[in-house]
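Please open the model in your viewer and keep the selection panel at hand. The tour below moves from one selection to the next and says what is found at each stop.

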Amino acid sequence: MNSHGKGESMDIICVLENRKSVRNYKKKVLPENLLEKIIHLATVSRPLYQDIQIKFIPILDGAKASKKLSGFAGYFGKTIEAPHYIAVITDKKEGYLENLGYCMEQLMLEAYKEELGTCWIEVLHYESKLKEAFGVFEPDKIMLALTPIGYPKETAIDKLTGRFLEEKSVRKSVDEIVFFQKWGKQTEGRDLSKYLEILDIARWAPSWGNQQPWQFIIDENKVVLAVMKEKNNAINRNRIDGGIIMLYFEWIARQKNIFGTWSKAEKRMEEYYRIPEKFELLSVFKENSVYR
């Protein structure tokens, strides 16, 4: 992947206000060149971490694929039927989960620009089944996520439930997800309002079940991100959500002429910032003079 920055071409704040997960699709197939374009743009977008290779795999026959996915891949147990799917495989290295979230969300935003629907489907416990269903035989790669993709279909029930969910959808306030200097401090350093303003928008980023499993520490010219651990799970899906909000934070900052990048957090930082046992430190955002 090269270092293209796709965020400049869209109003990411507007995207957060309007984009929704799509779970019902028209049967109309996409032009093959459109699917190829979306995958290409996502592939050449800048990853979170340059040393982790990922690849997007298109599944053209959605009807056939949805049958294979039945019973283990869907939304709260229900398979989402779509004309196509796109799956992602990745190296399994340190930071691969957040890198997956960062990169896959860029693909979904490319689809959104084309007025297409997508929806995160994470298959954390059925990776071998997913590979088998899609004919992927790369033992050194891991496949944990996919998205349906197609033209949205809104039924009368969708409109009603969408309106209900919109009314019921809540997010933690920025005060609930931000500390200053160290974990637990909520007042000292609040004059760093440029980061608070960014986080107040970025908190609307998608996460599994809208759980917002993240916590931030603003430390002078740095922003530190931690996510909740998951009990009894070898793979912490919250790291994927961490990658998603890192993407939105970075792009919102760039719209406000604040340029910077995320880097992997060092283990010693957990003690320094007093990160509690229930959380794990992911990444640190630092400003650069120019965007790289």
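A pocket, as the word is used here, is an open set of grid points with protein on both sides within 12 Å along at least five of seven lines, and its lining residues are those that have an atom within 4 Å of a point. The model on display is a predicted one.

Begin with the second largest pocket, which holds about 250 Å³ of space. Its lining comprises 17 residues, and those to select for its centre are Arg239, Lys267, Glu270, Glu280 and Leu281, which lie nearest to that point. Colouring the lining by residue class will show six nonpolar residues, one polar residue and 10 charged ones.

Next select strand S10, residues 279–287, where seven of the nine residues are buried. This strand gives the most to the lining of the second largest pocket, contributing four residues.

For the last stop, select glutamine 211, which is found in the loop between helix H8 (193–202) and strand S7 (214–219). Is glutamine 211 buried or partly exposed? With a relative accessible area of 44%, glutamine 211 is partly exposed. Its C-alpha atom is separated by 8.8 Å from that of lysine 172, a residue 39 positions apart from it along the chain.

Notes: Residues numbered from 1 in each chain as written. Predicted model: local features only at pLDDT ≥ 70, side-chain atom pairs only at ≥ 80, totals over all residues. Heavy atoms only, no water. Buried < 20%, exposed > 50% of the residue type's maximum accessible area, 1.4 Å probe, protein only. Helix = DSSP H or I, 4+ residues; strand = E, 2+ residues; numbered from the N terminus. 1 Å grid on protein atoms, 1.4 Å probe; cavity = no way out; pocket = protein on both sides within 12 Å on 5 of 7 lines; lining within 4 Å. Points joined across faces, edges and corners; volume = space filled by probe spheres on them. Nonpolar A, V, L, I, M, F, W, Y, C, P; charged D, E, K, R; others polar.
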